[in-house]
Amino acid sequence: MATIIRRATKEDCPRIMDLIHELADYEKRPEEVDASLSHFEESCFGPHPVCWAFVAEIDSIIYGFALYYIRYSTWKGQRMYLEDIYVVPEKRRQGVGKLLFEQLIIEAEERKFSGMNWQVLDWNELALGFYRKYKTNFDPVWVNCSIEFKV
């Protein structure tokens, strides 16, 4: 069966949210998902979207997604920030993630972003191996920081 990579639509949001929950389980942080479906829909498809996504579909079933937003670097200008890329376990190592990732690269080039940034967990060897195929720069210097707010 052929994998179709396409832009996500508002109708895809419930399935993407299911996959977000699966990803949180995989990353051992299921309790961290606070965003509601309505907030997600508004964020991606409201009058002022702040993120965009692609989905990987096989026989009309979504098996993966990649969600990004635009960040601004004072040194580099506009860059794509890959928030999440996820493929269900039964479709991994079948080229689905590769197709999603390469669609992101095409999108970044077409939109003339200066590059793409993302994070990966240090224990996720499968993902680390995947990213190494793209000559990824792994930065050992910068420390991730965050402050949480209730929405």
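Biologist: Which residues does Phe-101 touch, not counting those up to four places away in sequence?

Modeller: In this predicted model, Phe-101 touches Leu-82, Ile-85, Met-116, Trp-118, Phe-130, Tyr-131 and Tyr-134. Phe-101 also belongs to the largest nonpolar core, among the residues with the most contacts inside it, alongside Phe-40, Phe-65, Leu-82 and Leu-104.

Biologist: Which helices and strands each supply at least two residues of this core?

Modeller: The core has 37 residues. The helices are α1 (13-26), α2 (37-45), α3 (96-110) and α4 (125-132), and the strands are β2 (52-58), β3 (61-73) and β4 (77-87).

Biologist: OK, on to charges. What makes Asp-12 and Arg-6 a salt bridge?

Modeller: Their side chains come to 2.7 Å, N to O. The cut-off is 4 Å, so the pair counts.

Biologist: Which residues do shared partners join into one network?

Modeller: Arg-6, Asp-12 and Glu-57, through salt bridges. The whole structure has 7 salt bridges.

Biologist: What about Glu-32: why is it called partly exposed?

Modeller: Glu-32 has 43%, between the 20% and 50% cut-offs, so partly exposed it is. Its salt-bridge partner is Arg-29, at 3.5 Å, and Arg-29 is partly exposed too, with 45%.

Conventions
Residues numbered from 1 in each chain as written. Predicted model: local features only at pLDDT ≥ 70, side-chain atom pairs only at ≥ 80, totals over all residues. Heavy atoms only, no water. Core = buried A, V, L, I, M, F, W, Y, C linked by side-chain atoms within 4.5 Å. Buried < 20%, exposed > 50% of the residue type's maximum accessible area, 1.4 Å probe, protein only. Helix = DSSP H or I, 4+ residues; strand = E, 2+ residues; numbered from the N terminus. Contact = heavy atoms within 4.5 Å.
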